[in-house]
There are 2 protein chains.
Amino acid sequence: MNSDKIDKVSFLGPKGTFSHEAASYISDNLISYCSISEVMQSVVSNECIKGIVPIENSIEGPVNLTLDALIHDFDLNIVGEIIIPINHNLLAPYGVNIEDIKEVYSHSQALAQCRYYLEKHNMNPNYTVSTAEAARKVSEGGKSYYGAIGTLKAAEIYGLNVIDKNIQEKSNNQTRFVVLSKESTLTTGHDKTSIAFSLFEDCPGGLYEILGVFAKNNINLSKVESRPSKEGLGHYVFFVDFEGHQSDDSIKVILDTLKSKTSFIKILGSYPIFNSVDNVIDNFN
Amino acid sequence: MNSDKIDKVSFLGPKGTFSHEAASYISDNLISYCSISEVMQSVVSNECIKGIVPIENSIEGPVNLTLDALIHDFDLNIVGEIIIPINHNLLAPYGVNIEDIKEVYSHSQALAQCRYYLEKHNMNPNYTVSTAEAARKVSEGGKSYYGAIGTLKAAEIYGLNVIDKNIQEKSNNQTRFVVLSKESTLTTGHDKTSIAFSLFEDCPGGLYEILGVFAKNNINLSKVESRPSKEGLGHYVFFVDFEGHQSDDSIKVILDTLKSKTSFIKILGSYPIFNSVDNVIDNFN
């Protein structure tokens with residue numbers, strides 16, 4: 001087997017997006033795919049050894065495509081998480097000054113998040129399909145008076161000058177990415193576990209009982225979310241993240257208890273709690 | 001005050017969509033708006049007496065724009081709910097036979113939900129911004145060999161023939177709409193109440209405690225959902241629907257208890273539990 005091939009890590013493209021930035025902390029041997037399912041499929045088919053997908057954003061909420069695919073379509077383990085601050089930057093070709101820029105290109109969400117900055121500088125917003133596409137477009141315009149809102153990675157890829165950093169309004173905009181693999185991880189002593197489950201029908205106190213299992217064992221929950229199970233209104237899959245590794249004795253007991261109290265349960269993975277990007281780099285390199 | 005004006009009911013347009021169908025059970029005096037916030041604003045500004053917006057779909061999940069707007073942007077009461085089965089129909093100009101139809105227009109979600117039907121009949125999918133726009137487009141083509149996937153309402157509006165009914169794959173596809181008003185409702189004895197709340201920080205057992213208040217009082221929860229509070233990852237607004245009316249003595253006690261256990265709580269409304277469309281028609285007409 002070609003070791004170069006199996007060391008590849010897939011991410012949701014195009015290059016120069018926040019997904020690319022997150023993936024670049026995991027590996028230098030990256031390959032981009034056009035959809036979240038294609039990233040997951042690349043790991044299932046052994047084309048890549050790991051895949052990185054966004055799972056939630058602090059403003060927009062869960063990435064439904066990722067949650068649904070992890071439950072319904074793919075059996076992969078979450079082996080890591082990376083949290084990236086979503087900072088937007090004004091990029092332009094070298095030689096262009098900030099006061100020359102009248103038209104700014106970017107993805108609609110990025111433009112919306114930098115609205116005050118654009119108004120203050122009398123810049124007109126123009127839509128592109130991604131922040132990376134905006135950077136590409138502006139880089140091809142030569143020394144035109146166009147700017148792009150994009151990542152530092154996009155500036156690097158498309159040879160653009162970073163005119164201004166962190167131009168967005170909200171400072172608490174973060175995206176959480178997960179690293180997916182066919183393998184599983186060993187305990188590090190500072191892990192979290194992600195599970196998904198559904199309740200028995202006609203069991204309105206079911207969620208209360210499940211949360212009680214954690215509360216009685218003093219296990220902290222870092223996330224509780226719901227998605228429709230696709231079986232009709234009022235039927236949910238709950239996603240819960242909690243402290244501990246599935247190989248810890250105390251967690252094994254909890255997971256066994258949950259199995260008897262749920263109609264469906266899937267352990268999505270145990271992995272080190274995100275601490276810093278440096279930590280992620282150490283873990284995966 | 002012009003009574004014609006205050007009796008108007010707003011919905012999310014365009015005409016001929018499922019939102020239009022839901023709204024038509026409430027009133028004949030309808031006015032369509034282009035966005036969920038505009039529908040809500042029309043009620044706040046007294047332009048309309050009620051507004052109807054989608055709040056969740058059994059396959060796609062919550063309508064985030066509706067949940068976020070009810071929490072952050074508007075103070076309106078939910079005074080009713082309507083659940084509509086999402087059935088797709090093949091529409092074409094009168095005189096066109098099913099075997100003549102080679103190209104079919106519709107919204108991407110509708111086309112996706114009818115994929116097997118289209119494949120079986122060798123029909124090519126073509127995208128439009130809404131199912132209603134597809135019907136409009138096909139109606140203007142005269143006796144061309146185009147079909148549209150749309151509602152029975154759209155067939156009626158655009159004078160199209162219903163070639164085939166219920167052509168979608170999944171049978172459990174339903175959308176729940178809520179009726180919004182500045183007024184509130186009286187108890188009917190068969191009501192539900194919708195609330196939203198956030199937990200105190202550093203209180204991981206908080207949700208368990210809240211659900212316990214309902215469990216101990218034997219109150220059935222029909223919905224538990226979470227949305228990011230927009231204050232950073234791990235901070236949520238929970239949406240809970242439960243049986244009972246906020247004016248019932250037993251529910252008053254529960255709501256008072258919840259106030260002391262939450263950092264934020266908003267009662268979104270008490271309203272009759274959806275039973276049938278006929279019931280809704282009786283309630284609102």
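Residues are termed buried when their relative accessible area is under 20%, exposed when it is over 50% and partly exposed in between, with a 1.4 Å probe and protein chains only. The structure is a predicted model, in which local features need pLDDT of at least 70 and side-chain atom pairs count only at pLDDT 80 or more, whereas totals for chains, interfaces and linings use all residues. Residues are numbered from 1 along each chain as its sequence is written, chains are lettered from A in the order in which they are written, and side-chain values use heavy atoms, with hydrogens and water left out.

Lys230(A) is buried, its relative accessible area being 18%, and its phi is positive, about 75°, although it is not a glycine. This residue is placed in the loop between β13 (221–228) and β14 (236–243) of chain A, where strands (E, at least two residues) and helices (H or I, at least four) are DSSP runs numbered from the N terminus. A positive phi, of about 50°, is also computed for the non-glycine residue Asn166(B), which is partly exposed at 46% and belongs to the loop between β10 (161–164) and β11 (174–181) of chain B. Most residues other than glycine have a negative phi, and most peptide bonds are trans.

A cis peptide bond with omega of about 5° joins Gly13(A) and Pro14(A), and Pro14(A) lies in the loop between β1 (9–12) and α2 (18–24) of chain A. In chain B, Gly13(B) and Pro14(B) are likewise joined by a cis peptide bond, with omega of about 5°. Phe11(B), in strand β1 of chain B, is buried with a relative accessible area of 0%.
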